[in-house]
Amino acid sequence: MRYLLALLLFSANVFAVKTRIEIIVVTPPEVLLSPGRTQQMHAYGYYSDGTVTDLTSQVVWSSIESSIATVSTTGLVTMKSAGTALIKATYTGYKGYGTVWNKFTPFIKVRPSTASFGKIEHIVFIMKENRSFDSYFGTFPGANGATTATLSTGQVISLGHLPDPPKHDMGHEWTDNHGNIDGGRMDRFDLELTCSVNGDMQCMSQLYQADIPNYWAYAQNYALADEAFSSVGSGSYPAHLAMVSGSIQRVLDNPRSSQPAQWGCDAIAGTTVPYMKTNEVVSSEFPCFNATTIGDLADSAGVSWKAYTVLVGGSGYIYNPFRSFSTIFYGSDWNTKVVDQSEFIPDALAGNLPALSFVTPPSIDTDHPPDSACIGENWTVQQINAVMQGPQAQWNNTVIILTWDDFGGLYDHAAPPYRDQFGLGIRVPFLIISPWAIQGVYHTEIEFASVLRFMEETFGLPNLGGADKIANDMQDAFNYSQSPLPPLVLTQRTCPVASEDTPAYDPDDLED
């Protein structure tokens, strides 16, 4: 009997132990404080089994800039002087970050317009994966780029030459975003997860024009936005929600599950995603949301649309932007307007593009480290060539937006302006390709919701009521009086092969 009792006690202890922490979230993530004022911070642990625990009284609190703000052992922050300070919560080796600001990095508003109404009939929104602006266009003439970076030690180094394919993935989710930004200092990238493997300092490197000549050709011939930011300071899943909904549904990070690729309404039971409620308490939710998307607005207005994406069972299905919205997933649109990405080229060549196209690639073509930028560029060229080689009338009234969902752990020097507790995130490459695009570098601050606002204004759609209400609308990136820019049909390249010493390194939660 005593052995049975001991076994039962042992089993109870085993099952009482929580599964591993996935992230620690500090709330509020962003706080505006005058010197002398205080703010109580909270820390929540989100675990791999989907549970959330308030760890405020258990974490070790510290301030990275204690001359600017201090924090007590219970999480009470006191602002000491002007400036910004990163507040860190540490628990069993895991870290979470919040930031206190004396003055937020301002968002520069531009007067909205409806100039595209009646002139643009097709908008193509292509989203790739995980590259920062400086990693692709840091050396682009006339752009706000950088070739040097500041480390957490204060040392300034030259950015290295990023190999293609990259040797490994790098941390780029909620915790990495907030730590890297460091209150606008942009100086803690070297501390992010797997920034450096075997001393390679890969996150502090960039590609040159010769590495991605076709992306550069688009930038040289159309408009390159050098103040475009991810809509959320996190990873791929919240960004793809923002791509079609104008907000992030208060989602903080990527879904977690006992099985891979469970990113939507068809996820298995037990799949959850960390979520911050309006009272700034963190919870976990099933990744299926009853929210209005731009597709719903288009349906109501009789505006045609399709999502050319990866369907169930395909590699890259996690990036399907409508998979997490119940109005689309459980409606007729899922089988009629959410189609395989391979249908885009035939539709474009035949002049059959809908008014709104949302395009995401198969995984290997996304540019996502450690996948090749060259291979991803070739896929992108195929899609854009199809639009440009289709009917001239279609090209004459089309706008193509090409962007990347998040920074992918790669260095960028530009501090994101403040929008709300979720974003903006670190800067990403962003190209505006159209006969009517201004030619050169476009300096207005924009985000993914800017594309949605441009869609709304172009086709007379109502507002989604989220970030698209305040995002700049990109109308100033076009000149409808200019001589239309001609198509630029490009040639695919032969891509380099990964070196034999490239490690097979893909740690948990770095896939996306």
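**Disulfides, sheets and buried helices**

C195 and C203 form a disulfide (a pair of cysteine sulfur atoms within 2.5 Å), with their sulfur atoms 2.2 Å apart. This comes from a predicted model, in which local features need pLDDT of at least 70 and side-chain atom pairs count only at pLDDT 80 or more, while totals for chains, interfaces and linings use all residues. Residues are numbered from 1 along each chain as its sequence is written, and side-chain values use heavy atoms, with hydrogens and water left out.

A quick reminder: a disulfide is a covalent bond between the sulfur atoms of two cysteines. The count here comes to three disulfides, and with bonded cysteines counted along the chain, they follow the pattern 1-2, 3-4, 5-6. The link of C195 and C203 is left-handed, with -60° about the S-S bond. C195 is buried (under 20% relative accessible area; exposed is over 50% and partly exposed is in between, using a 1.4 Å probe and protein chains only), at 1%. C203 is buried too, at 0%.

Next up is the disulfide that joins C265 to C288, at 2.0 Å from S to S. Its torsion about the S-S bond is about 85°, so the disulfide of C265 and C288 is right-handed. This pair links distant parts of the chain, 23 residues apart: C265 sits in the loop between α5 (236–245) and β17 (273–276), and C288 in the loop between β18 (282–285) and α6 (294–301). Helices (H or I, at least four residues) and strands (E, at least two) are DSSP runs, numbered from the N terminus. C265 is buried, with a relative accessible area of 5%, whereas C288 counts as partly exposed at 21%.

Then there are C374 and C495, which form a disulfide with sulfur atoms 2.1 Å apart. The torsion about their S-S bond is about -80°, so this one is left-handed. C374 lies in helix α10 and C495 in the segment after α12, so the pair ties together parts that are 121 residues apart in sequence. C374 is buried, at 0% relative accessibility.

On to the sheets. Three bridges join β4 (residues 42–47) to β5, and Y44 stands opposite D54 in β5.

Another open sheet has four strands, ordered β2-β10-β9-β6, and its pairing is mixed. Its edge strands are β2 (30–32) and β6 (60–63), each pairing on one side only. Strands β9 (residues 84–91) and β10 (residues 94–101) run antiparallel and are joined by eight bridges, with Y91 opposite Y94 in β10.

Two helices show what being buried looks like. In α4 (residues 213–221), N214, Y215, W216, A217, Y218 and A219 are buried. Among the elements covering them are β11 (122–128), α10 (373–389) and β22 (398–404). Helix α12 (residues 448–459) holds T458, which is buried at 2% relative accessible area. T458 touches S116, F117, G118, I120 and I123, leaving aside residues up to four places away in sequence (contact means heavy atoms within 4.5 Å).

Definitions and conventions. Pairing = 2+ DSSP bridges.
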